[in-house]
Amino acid sequence: MKYVFVSDVHANIESLQTALARLDAEDALVSLGDVVGYGPNPNECVALLRERCRHAILGNHDLAAVENFGVEHFNPAARAAIEWTQGRLDETSRSWLDALPYELRLPDFLLVHGAPVDYFEYILDKATAASAFERTDARVVFVGHTHIAEYWSRDAEGTIGHKHMQQGGELKLEEGKRYIIDVGSVGQPRDLNPLACVVEYEPDSRVVRWIRYQYPIEEVQRKMRQAGLPAYLIDRLSVGR
Ligand code: ZN
């Protein structure tokens with residue numbers, strides 16, 4: 001059995017379907033938030049995750065779509081996309097998103113969208129990673145939010161380590177270290193690699209694996225154009241930034 005983590009799907013059904021094709025029947029699917037916003041298929045993505053997820057938590061775009069939270073801090077393109085999403089979300093999607101928790105603590109790890117306690121903080125450097133480690137005693141924390149595939153580690157002396165997973169890769173969790181695993185984005189990668197990212201974790205071997213994969217980007221872009229979503233959001237999918 002393995003866990004499969006998806007985050008920041010952002011209403012990109014083509015990429016989500018491609019990611020889920022990897023799942024075996026006994027795998028546990030986990031969603032780390034931002035199911036909607038930016039992309040053209042919010043209801044379809046919610047429906048698929050509602051049916052398949054074992055665990056799911058709330059992202060800032062989900063909260064913005066449901067109750068307009070934080071929209072004043074969004075850039076104009078993100079705000080236009082959230083307004084479009086609000087007009088499209090059906091009642092079933094809305095109530096599923098509305099019921100998602102900010103965090104989930106499982107025996108093995110903690111799930112939050114951005115960071116422990118300050119749920120929508122961006123962990124972007126060693127200082128924010130160090131402060132995030134201090135706010136939890138979880139050995140392993142899985143996050144999304146930055147759309148950057150990477151991880152942060154903290155050893156017994158408090159030294160922070162970091163590695164980008166822009167091309168995918170593996171990490172074997174070591175005894176005596178703690179980890180923040182950023183699973184990257186299914187729907188809108190921003191680490192200068194347009195390939196989407198999904199993460200697998202095998203509890204038995206304690207191996208975490210970032211997998212970068214292709215999906216039909218042009219099809220998503222065609223639908224976004226048809227929906228009248230901002231060109232900036234359409235173009236960035238091709239370059240992964
Ligand atoms: Zn996001």
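Predicted model: local features only at pLDDT ≥ 70, side-chain atom pairs only at ≥ 80, totals over all residues.
Residues are numbered from 1 along each chain as its sequence is written, and side-chain values use heavy atoms, with hydrogens and water left out.

Let's start with the charged pairs. The structure holds 13 salt bridges, a salt bridge being a side-chain nitrogen of Lys or Arg within 4 Å of a carboxyl oxygen of Asp or Glu. One of them joins the side chains of E200 and R22, at 3.3 Å from N to O. This pair ties together distant parts of the chain, 178 residues apart: E200 sits in strand β11 (residues 196-202), and R22 in the loop between α1 (13-20) and β2 (28-31). Helices (H or I, at least four residues) and strands (E, at least two) are DSSP runs, numbered from the N terminus. E200 is buried, with a relative accessible area of 6%, whereas R22 is partly exposed at 36%. Here buried means under 20% relative accessible area, exposed means over 50%, and partly exposed is in between (1.4 Å probe, protein chains only).

Another salt bridge brings E202 and R209 together, with 3.5 Å from N to O. Both ends come out as partly exposed: E202 has 27% relative accessibility, and R209 has 23%.

Over in helix α7 (residues 217-227), R222 and E219 are three residues apart, so about one helical turn separates them. Their side chains meet in a salt bridge of 2.9 Å, N to O. R222 is partly exposed at 38% relative accessible area, and E219 is partly exposed too, at 30%.

A search of the whole structure turns up one cavity of 30 Å³ or more. A cavity is a set of points, on a 1 Å grid over the protein atoms alone, where a 1.4 Å probe fits but cannot get out; lining residues have an atom within 4 Å of a point. Grid points are joined across faces, edges and corners, and a volume is the space filled by probe spheres set on the points. The largest cavity has a volume of about 40 Å³. Its lining is made up of H10, N12, Y38, G39, G187, Q188, M224, L233 and L237. That lining splits into four nonpolar, five polar and no charged residues, with Ala, Val, Leu, Ile, Met, Phe, Trp, Tyr, Cys and Pro taken as nonpolar, Asp, Glu, Lys and Arg as charged, and the others, Gly among them, as polar.

Terms used:
1 Å grid on protein atoms, 1.4 Å probe; cavity = no way out; pocket = protein on both sides within 12 Å on 5 of 7 lines; lining within 4 Å.
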